[in-house]
Amino acid sequence: MELIGNVKNYDWGKLGADSYVAKIATANDGGYKLDQAKPYAELWMGDHVSGPSLVAGSCEELGAYLQKNGQNKLSYLFKVLSIRKALSIQVHPDKTEAEKLHAQFPDVYKDPNHKPELAIALTDFQAMCGFRPYAEIHALLKSWPQLETLLGKDKVDQLQSGTEPALKDLYSTLMHSPPSALETCITSMLHTIQNKPAPSNLDRLFLQLHADFSADVGLLSIYFLNILNLSPGQAIYLPANVPHAYLSGDCIECMACSDNVVRAGLTPKFKDVDTLLRLVSYEGAPAESKIYQPKRLDGQPHTRTFIPSVKDFAVAEVKVPAGVKQYSVTNRANGCILLVCAGKGKLTAGAGQELGLEFGKIVFVPGSVGDKLKLEIEDSGSEFVAYQAMSNDF
């Protein structure tokens with residue numbers, strides 16, 4: 001059956017037709033009205049109560065449909081993101097911590113589930129992800145006298161020991177810095193960068209974040225966290241407690257069915273700094289180690305499957321070259337959601353059930369129709385592209 005996705009107009013989204021989310025939304029829902037001045041940040045595909053998809057035609061919420069038909073709730077939430085302005089620096093709690101946080105602060109942490117997530121770049125995509133190697137952090141901090149003054153030369157030098165306690169002490173000092181000291185440090189760094197004849201990529205990122213967030217403490221995390229520049233098709237996987245922030249670009253995202261976020265910077269929302277510092281993983285690792293590699297499974301030569309370490313979800317990227325008219329996709333026992341990003345054709349499942357496919361089409365395939373889905377692709381001279389979200393029973 002066809003689904004209508006749920007659009008989120010968060011402030012950080014790309015504006016109007018510049019947003020990939022908006023393009024999908026207008027193609028997905030014929031009655032959708034686009035406002036060129038409005039941000040279109042996320043498209044949710046699933047049964048999460050904060051943004052349930054609707055069954056096309058009946059407008060029934062997907063969760064209600066699943067319950068009525070004796071099917072399990074989805075273990076994942078599937079999304080498209082379009083990012084104009086950086087998202088908050090954040091971690092996601094593991095299941096045990098999520099249950100505790102939800103019980104203590106249900107208005108902030110709205111469900112008791114963990115939220116590991118996978119992001120696959122649709123366009124050039126930039127993100128912060130995990131702490132840099134300790135020696136790299138030390139070198140960056142030493143190159144800025146303003147940071148040494150803010151954090152304390154002794155604490156910066158302790159990082160040469162290469163121990164997690166040294167980094168924890170240093171990052172905790174940063175995140176608890178008084179606003180006046182932060183503003184003095186950041187303003188001085190801003191003047192230095194503005195007077196450079198050839199600013200570096202990191203300098204340009206500083207200027208971009210300062211323009212959007214002024215003297216927010218999260219701005220200085222760019223000297224602690226890896227900066228990743230993903231090309232289309234590259235992915236990152238974010239298990240519990242890995243510090244991260246998406247900075248720009250468009251991506252496919254899939255996660256456990258949760259909306260739990262512990263924020264600590266680059267946001268006007270509630271910052272739970274102490275919880276983040278308690279949960280965050282202080283492991284240092286090179287940026288390239290954060291690129292998550294897919295697998296090619298037997299019998300699916302045009303599919304790359306991203307299989308994380310949790311059972312909640314997996315994502316397949318289906319890219320069928322021009323000229324291939326038929327291709328098989330494997331359904332899962334609990335069904336799947338398919339999003340079409342390029343090309344046209346039709347999907348056949350079960351006993352001859354058919355549904356037309358084109359850009360922006362979102363299809364829910366119940367597990368009851370069987371594990372074999374057949375794509376019949378129109379020969380348009382270009383490849384057919386779709387993303388498939390499913391539970392991870394690989």
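**Charges over rings.** I began with lysines and aromatic faces. Lysine 85 sits over the face of phenylalanine 213, 5.9 Å from the ring centre. I also found lysine 269 over the face of tyrosine 10, at 5.2 Å from the ring centre. My criterion: NZ of Lys or CZ of Arg within 6 Å of the ring centre and within 35 degrees of the ring normal.

**Ground rules.** This is a predicted model; local features need pLDDT of at least 70, side-chain atom pairs count only at pLDDT 80 or more, and totals for chains, interfaces and linings use all residues. Residues are numbered from 1 along each chain as its sequence is written, and side-chain values use heavy atoms, with hydrogens and water left out.

**Ring pairs.** I looked up the aromatic pairs and got nine. Rings of Phe, Tyr and Trp (its six-membered ring) pair if their centres lie within 6.5 Å; planes under 30 degrees apart are stacked, over 60 edge-to-face, the rest tilted. I picked tyrosine 20 and phenylalanine 359. Their planes stand at 80° with the centres 6.1 Å apart, so this pair is edge-to-face. It links distant parts of the chain, 339 residues apart: tyrosine 20 is in helix 1 (residues 20-28), and phenylalanine 359 is in the loop between strand 20 (353-357) and strand 21 (362-365). Helices (H or I, at least four residues) and strands (E, at least two) are DSSP runs, numbered from the N terminus.

Next I checked burial: under 20% relative accessible area is buried, over 50% exposed, in between partly exposed (1.4 Å probe, protein chains only). Tyrosine 20 is buried at 16%. Phenylalanine 359 is partly exposed at 28%. I also noted a cluster of Phe131, Tyr171, Phe224 and Tyr282, linked by ring pairs.

**Strand 5.** Side chains in a regular strand alternate between the two faces of the sheet. In strand 5 (residues 42-45), Glu42 and Trp44 point one way, Leu43 and Met45 the other, and all are buried. I then traced its neighbours; strands pair if DSSP finds at least two bridges between them. Strand 2 (residues 6-8) runs antiparallel to strand 5, with three bridges. Lysine 8 stands opposite glutamate 42. Strand 7 (residues 76-83) is also antiparallel to strand 5, with four bridges. There, valine 80 is the bridge partner of leucine 43.

**Cysteines.** How many disulfides does the structure hold? I found zero, taking a disulfide as two cysteine sulfur atoms within 2.5 Å. For cysteine 257, the closest cysteine sulfur is in cysteine 254, 9.7 Å away and too far for a bond. Cysteine 257 is buried at 14%. Cysteine 59 is exposed at 53%.
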